[in-house]
Amino acid sequence: NRTIDFVEQSARQSDEKSRIAKLTAGLIEEGQTVILDGGSTVAAVARELASKSLHIVTNSLPIAEGLESIRNIELTLTGGYLDPRGRVMLGPFCDRMLSSIHADAVIMGIGAVSEAGFSNNNTLVVGSERKMIEIADKVIIVADRTKFGRGGMFPVAPLSTADIVVSDSELAPEYVDLLRNNGVEVFLA
């Protein structure tokens with residue numbers, strides 16, 4: 001199962017991602033420190049957050065490029081090995097940097113959501129995502145309906161780790177129930 005590159009991912013489910021992004025941005029308050037994980041849905045959230053006064057920490061080059069000239073955003077990059085397909089920084093240097101900070105929230109895309117939990121197909125991505133979860137007060141997962149009902153190769157975290165999941169309005173009711181039964185607040189855009 002190859003890693004789908006960023007450009008290809010951005011084109012998929014673009015209407016849903018736009019709605020998810022608007023709703024998610026509304027959950028973030030002025031002045032917060034927010035970690036933005038890589039991925040096309042999170043990049044859509046980043047565009048919606050650009051009007052707020054925030055400190056953004058990201059491992060994503062597309063997100064950094066989109067926010068670099070916006071004066072009300074303080075931007076910190078994690079550093080680390082640059083994965084050329086996902087255009088994200090990963091690995092031990094990224095994880096070490098993340099270990100040294102604290103954030104109000106992390107907004108994270110995910111490869112797959114199933115009863116077993118959240119998972120992904122890149123072992124380095126999983127390491128960084130676990131670290132992001134560890135250092136954030138609030139964990140917000142953004143995932144359109146196509147991510148549900150399948151498992152990724154590497155587990156990231158159990159469903160109960162998420163505080164909030166934002167998905168699209170077409171998400172099957174059984175997944176909404178599954179998330180809520182695990183103590184997760186669900187928003188459908």
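Two strands count as paired if DSSP finds at least two bridges between them, and both strands (E, at least two residues) and helices (H or I, at least four residues) are DSSP runs numbered from the N terminus. The model is predicted, so local features need pLDDT of at least 70 and side-chain atom pairs count only at pLDDT 80 or more, while totals for chains, interfaces and linings use all residues. Residues are numbered from 1 along each chain as its sequence is written, and side-chain values use heavy atoms, with hydrogens and water left out.

Start with the open sheet, where three strands line up in the order β7-β8-β10 with antiparallel pairing. The edges are taken by β7 (112-114) and β10 (154-157); each has a single partner strand, so one side of each is left without a neighbour in the sheet. On average, neighbouring strands here are turned by 40° against each other, direction ignored; the axes behind such angles are lines fitted to C-alpha atoms, for helices over the stretch in contact, and angles run from 0 to 180 degrees between N-to-C directions. Three bridges hold the antiparallel pair of β8 (residues 117-120) and β10, and N120 has F154 of β10 as its bridge partner.

Helix α6 (residues 123-135) lies across β8 and β10, and runs at about 10° to β10. Sitting in α6 is S128, which counts as buried because its relative accessibility is 1%. Buried here means under 20% relative accessible area, exposed means over 50%, and partly exposed falls in between (1.4 Å probe, protein chains only). Leaving aside residues up to four places away in sequence, S128 touches L90, G91, C94, D95 and L98, a contact being heavy atoms within 4.5 Å.

Helix α3 (residues 40-49) is mostly covered too, with eight of its 10 residues buried. Among them are S40, V42, A44 and L49.

Parallel pairing turns up elsewhere. Strands β2 (residues 54-58) and β3 (residues 73-77) run parallel and are joined by five bridges, with V57 partnered by T76 in β3. Together with helix α4 (residues 61-67), β2 and β3 make a right-handed β-α-β unit. Right-handed means that, with the strands pointing away from the viewer, the path from the first strand over the helix to the second runs clockwise.

Further along, β11 (residues 164-167) and β12 (residues 185-188) run parallel, joined by four bridges, and S167 stands opposite L188 in β12.
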